[in-house]
Amino acid sequence: MALGPRLDLRQSQSLVMTPQLQQAIKLLQLSSLELTAFIDQELERNPLLEREEADRPIESVAAEPRADATDLPVLDSAPPEAPILDGMTPAAATEGMDVDVDNVFNNDSAADSVGMEGYGQWSGSGNGGRTDFEDDGNGLDQVSAGEITLRDHLVAQINVDVTEPGDRLIALHLIEMLDGAGYLIGTLDELALRLGCPLARVEAVLARVQTLDPVGVFARSLKECLALQLAERNRLDPAMAAMLDHLDLLARRDLPGLMRVCGVDAEDLAEMIGEIKALDPKPALRFDHVVAPLVIPDVLMRRAQDGGWLVELNADTLPRVLVNTRYYTKIAASARGKDDKTYISERFQSANWLVKSLHQRATTILKVATELVRQQDAFFRLGVSHLRPLVLRDIATAISMHESTVSRVTSNKYIATPRGIFEMKYFFTQSINSADGGDAHSAEAVRHRIKGLIDAEGKDVLSDERIVEILKAESIDIARRTVAKYREAMNIASSVQRRREKSLGM
């Protein structure tokens, strides 16, 4: 057969990411601050756009408990009515922003009033006070203080060290209670009441986050801050503890009194004072002074009069942008050249598309947030221990959107609830299948069940295999390696180590 060139006509379909669609996706995943900066750039670039200064009503949707609820109360929701904006039709305003793109979402006080100036200046070379970081093999110490905030530094560690979703929520709230020096302000009782969890659980999470870098943060007093750093150096002996109990004597330079209460001689006391001076009384100061940057929630949630929930967009985060159609009509009529007409037409189309995309973004956020509140209703009513297992697919299926859309909506978006301000993605928790085909169990609940079994064990230490058998008898389908992973995440020793400790009476 002879080969030769020829022309063929073929008809095919393909998904094309137009610049307008790319812009809509970009707007959806921007935080409120990033969106404000983007809008400011567009206002400078496009003469047909203008900022609306007048107040507009907030889009909201009421959510009520459904009568057919079974194990958990759920909420009914409907998408808000889309107001007609300049350059939009009602049909265009209600179009979804769903796109078939791969999922990109995978499952932040002052010290004691006792002054230390009377016995020399703090060296600032203690843990957390360094300005030049040595190469000690710790990647966290290689980060310059001016590059990240203390909140970012702590959140990165919490995401790794605190695996339980409920405990992570508590830890994030503790970060928000830090002052500029790294001290914890407020009381744990108030936090436990707000989150609806036992005080003992908050105290346990506090003990865990007090081990994070820089050592000394989350302290409630100067004494506790110094004690945490000394304990990390294995130097918190009885003599040093006695000195911390009498920091007022150190501030007054009462050396004889310190030697008496600590039970040491002058040489040992001088060494102990040198160690105290090498510590950092304000461990957060090597980071930015703003510990917890202001978070403006994108969605507001409050209890409705009928007992349900009212979910609404925060008007302060909604960009108020309009298309100046009068100005467009005026300059379009006066345009003479082809290039001028093309430029005006492009600017008008771009402005209309931006307004449309902004409204689609707001509608999508509200729709996802409402379904998220419905799914996690038990948490908002009963507390952090009632977080339900939830994945992106659950929300996406309920609102007929793609998982990637839900991923973009829940990233960098915050919701203000009666229990505090949360990033939406923190409500997604893993689930453990039921052995008898029933409802799935929350991974957090399974972790607490494992901890309860180990805490209640007597002389007969439970192995991981035995724990698996007990959980399967309770309709929890879990593998031995998963039990081991959860146990290690809770810093619980293996059955061999626990049996050895019990035999030694530890």
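A residue counts as exposed when its relative accessible area is over 50%, and as buried when that value is under 20%. In this predicted model, Glu267 comes out at 63% relative accessibility, so it goes down as exposed. Glu267 sits in helix α12, which covers residues 266-277. On the surface, Glu267 teams up with Asp265, Asp268 and Glu271 in a patch of negative charge.

On to the aromatics. Searching the whole structure turns up seven aromatic pairs. One of them is Phe379 with Phe380: the ring centres are 5.1 Å apart and the planes meet at 65°, so this pair is edge-to-face. Phe379 has 0% relative accessibility and therefore counts as buried; Phe380, at 4%, is buried too. These two phenylalanines also belong to a cluster linked by ring pairs, along with Trp309, Phe422 and Phe427.

Asp213 and Pro214 are joined by a cis peptide bond, with omega at about 0°. Pro214 belongs to the loop that runs between α7 (199-209) and α8 (222-232).

Positive phi values turn up as well. Asn234, which is not a glycine, has phi near 60°. Asn234 is part of the loop between α8 and α9 (238-245), and its relative accessible area of 71% makes it exposed. Ser400, also no glycine, has a positive phi of about 60°. The loop holding Ser400 lies between α16 (392-399) and α17 (403-410). With a relative accessible area of 63%, Ser400 is exposed.

Methods:
Residues numbered from 1 in each chain as written. Predicted model: local features only at pLDDT ≥ 70, side-chain atom pairs only at ≥ 80, totals over all residues. Heavy atoms only, no water. Patch = residues over 30% accessible without salt bridge, like charges linked within 9 Å, V, L, I, M, F, W, Y side chains within 5 Å. Areas by Shrake-Rupley, 256 points an atom, 1.4 Å probe, with all protein chains shown as cover. Salt bridge = Lys/Arg side-chain N within 4 Å of Asp/Glu carboxyl O. Lys, Arg positive; Asp, Glu negative; His and termini not counted. Charge placed at Lys NZ, Arg CZ, Asp CG, Glu CD. Helix = DSSP H or I, 4+ residues; strand = E, 2+ residues; numbered from the N terminus. Buried < 20%, exposed > 50% of the residue type's maximum accessible area, 1.4 Å probe, protein only. Phe/Tyr/Trp six-rings, centres within 6.5 Å; stacked < 30°, edge-to-face > 60°.
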